[in-house]
Amino acid sequence: MKKVNTLFWVCFLVFFTPQVSEASQIDFGWSVPENILHDKDSEGGKKYIIWFYSIKNTTDKKILVPVETFLTTDTEKNYEDKFIEEVVSAVTKEDKEYMSAKDMKGEFGPGVTKKGVALFEDVDPYAQNINIFVTGLSHFFFWRWRMIDYSYKITYKKSGNTWVLVEHGFSKDTSHRNYSDWTNRMGN
């Protein structure tokens, strides 16, 4: 009888415990990266990969989004995003809505959407796969007490002169962080 009573309470707890589900506090959208050549008239110009994204606060409260973006290649090279006003203006036709991750990071008011652009300079032309990492997005829906800030990883494969989406999602891959920490210590 004792086993039956215990089994009853275990089943009761499993089936009748309220399930709490919270929607994401942010919407995150992005474009396919594009290869661009800036200043073609000078000695060959500079090659960039440009990538657009947006982050929206879907709540009615202010939230903090500590966003950063990085790019890694299958050739084991790492790139931090740059914001070069001249290049961004030429591509966005002087649209001032786009900002760097450094300018974007911080407080988002209720319902606020910010548009970002990441510019990666001289990415290895032999790279067949690139990974774009966006940090600071998991702060809201993963356990913060562990101090783990999972990155959102978006993987693209080269197809001719364009990039094709392979996969995306939160990742425990922190290889890009080591590069970022090193360059920050060196003052770059």
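Predicted model: local features only at pLDDT ≥ 70, side-chain atom pairs only at ≥ 80, totals over all residues.
1. Residues are numbered from 1 along each chain as its sequence is written, and side-chain values use heavy atoms, with hydrogens and water left out.

2. Lysine 115 and glutamate 97 form a salt bridge, 3.1 Å from N to O (a side-chain nitrogen of Lys or Arg within 4 Å of a carboxyl oxygen of Asp or Glu). Lysine 115 is in strand β9 and glutamate 97 in the loop between α2 and β7, so the pair ties together parts 18 residues apart in sequence. Helices (H or I, at least four residues) and strands (E, at least two) are DSSP runs, numbered from the N terminus. Glutamate 97 is partly exposed, at 43% relative accessibility.

3. The whole structure has six salt bridges. In one of them, glutamate 121 pairs with lysine 46, with the closest N and O atoms 2.8 Å apart. This pair joins strands β9 and β3, across 75 residues of the chain. Glutamate 121 counts as buried because its relative accessibility is 15%, whereas lysine 46, at 41%, counts as partly exposed.

4. Which residues touch the most other members of the largest nonpolar core? They are Phe28, Trp51, Tyr53, Ile55, Val65 and Leu137, in a core of 25 residues. Such a core is a set of buried Ala, Val, Leu, Ile, Met, Phe, Trp, Tyr and Cys residues joined through side-chain atoms within 4.5 Å. Strand β3 gives the largest share, four residues. A second, separate core has eight residues, including Ile36, Ile50, Val88 and Leu119.

5. Isoleucine 50 lies in strand β3 and is buried, because its relative accessibility is 0%. Leaving aside neighbours within four places in sequence, its contacts (heavy atoms within 4.5 Å) include Val32, Ile36, Val91 and Leu119. The C-alpha atoms of isoleucine 50 and phenylalanine 120 are 6.4 Å apart, although 70 residues separate the two along the chain.

6. In helix α2 (residues 85-92), the buried residues are Val87, Val88, Ser89 and Thr92. Their cover includes β2, β3, β7 and β9. After α2 comes lysine 93, with a positive phi near 55 degrees.

Notes: Buried < 20%, exposed > 50% of the residue type's maximum accessible area, 1.4 Å probe, protein only.
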